[in-house]
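Let's take a walk through this fold together. Have the coordinates open in a viewer and follow along.

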Amino acid sequence: MNDKTFLSFLKHADKPFSGWDFSFIEDTGRMKSDLLSWSYGSMALSLIQDSESMLDMGTGGEFLSKLGPFPSSAYATECYLPNVPVAKERLTPLGVQVVQIDDDEDLPFESGQFDLIINKHESYSVQEVRRILSKGGRFLTQQVGGLDCEEINEKLGVPLNEEFKDWDLETALKEMEKHDFKILKSREECPTQRFYDIGALVYYLKAIPWQALGFEVNQYKDELYEIHKMIEEKGYFDVTQYRFMILAEAV
């Protein structure tokens, strides 16, 4: 396979990824997503300003660092080891304590410790979130559904991740209502995500390995080349995201 443009894009995708920061392909316009009808950031900012004790679950630091000032008791968790020092460097000067965790089911916090927990695209245990949230406290989450970007899997011939395939708004709401949460707001949408070159797609897949388990460029080079040719002809490769948000109150 001697397509110089294709090989050049693959080489460019070797850029290291950290902090859940996709600016390498987003800021350059190589990947774009349609707008949602809600803003997680605006909702989170408003809640943070009214909070006295908060936790951000699964932070890379980049996003959270822009939502201050923070309450005197502010924590963030991170389970992805390469992101822990990145998050600490960004957040410690802002008064946010970063805690490395290994298990969603066993968080190192006191019962009722927080009046606000925010969570963007991070796994969580409803029972454990309820335990560490005070009565009347708020839980805001934006989640990626199990059918997110399934067109990528179809083109690569890789099945969707069985662990997350059935994860959707209805399932999440039922779980919350079982664990003493009152749902204040919820919504789901399926915006389009567009890749303008194969390198952007490869960079994306390397950053989120759960999308196509076992993904290796050399193993899927033929499939990637087919997507590359489609982009060369059409100008882009579109996939369908699945996003949902929930704002709930502990009762």
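Ser 53 stands opposite Ser 73 in strand 3. Before going on, a word on the source: this is a predicted model, where local features need pLDDT of at least 70 and side-chain atom pairs count only at pLDDT 80 or more, while totals for chains, interfaces and linings use all residues. Residues are numbered from 1 along each chain as its sequence is written, and side-chain values use heavy atoms, with hydrogens and water left out.

Strand 2 (residues 53-57) and strand 3 (residues 73-78) run parallel and share four bridges. Helices and strands here are DSSP runs numbered from the N terminus (H or I with at least four residues for helices, E with at least two for strands), and two strands count as paired if DSSP finds at least two bridges between them. Strands of a sheet pair through backbone hydrogen bonds, either parallel or antiparallel.

Zoom out and you get an open sheet of seven strands, in the order 4-3-2-5-6-10-7, with mixed pairing. Its edges are strand 4 (97-100) and strand 7 (181-189), each of which pairs on one side only. From one strand to the next, the twist averages 15°. Helix 4 (residues 83-91) lies across strand 3 and strand 4, and runs at about 170° to strand 4. Such angles run from 0 to 180 degrees between N-to-C directions, with axes as lines fitted to C-alpha atoms, for helices over the stretch in contact; contact means heavy atoms within 4.5 Å.

Stay with this sheet and look at strand 5 (residues 114-120), where you'll find Asn 119. Is Asn 119 buried or exposed? Asn 119 counts as buried because its relative accessibility is 0%; the cut-offs are under 20% relative accessible area for buried, over 50% for exposed, and partly exposed in between (1.4 Å probe, protein chains only).

Three strands make an open, antiparallel sheet in the order 1-8-9. Strand 1 and strand 9 are the edge strands, each pairing on one side only. Here the twist averages 20° from one strand to the next.

Three bridges join strand 8 to strand 1 (residues 31-33); Ser 33 has Gln 193 as its bridge partner, and Lys 32 has Arg 194. Towards strand 9 (residues 237-240) there are four bridges, and Thr 192 stands opposite Thr 240. Helix 8 (residues 198-207) lies across strand 1, strand 8 and strand 9, at about 120° to strand 8.

What about the charged ties? The whole structure holds 11 salt bridges, each one a side-chain nitrogen of Lys or Arg within 4 Å of a carboxyl oxygen of Asp or Glu. Lys 206 and Asp 14 form one of them, at 2.8 Å from N to O. Lys 206 sits in helix 8 and Asp 14 in the loop between helix 1 (4-12) and helix 2 (23-26), so this pair ties together parts that are 192 residues apart in sequence.

Asp 197 and Arg 30 meet in another salt bridge, at 2.7 Å from N to O. Asp 197 is in the loop between strand 8 and helix 8, Arg 30 in the loop between helix 2 and strand 1, and they are 167 residues apart. Asp 197 is buried at 6% relative accessible area, and Arg 30 is buried at 12%.

Over at Asp 148, the salt bridge partner is Arg 243, with the closest N and O atoms 2.7 Å apart. This pair links the loop between strand 6 (133-144) and helix 6 to strand 10 (residues 243-250), 95 residues apart. Asp 148 counts as buried at 4% relative accessibility, and so does Arg 243 at 8%. Elsewhere, Glu 62, Lys 66 and Arg 90 are linked in a salt-bridge network.
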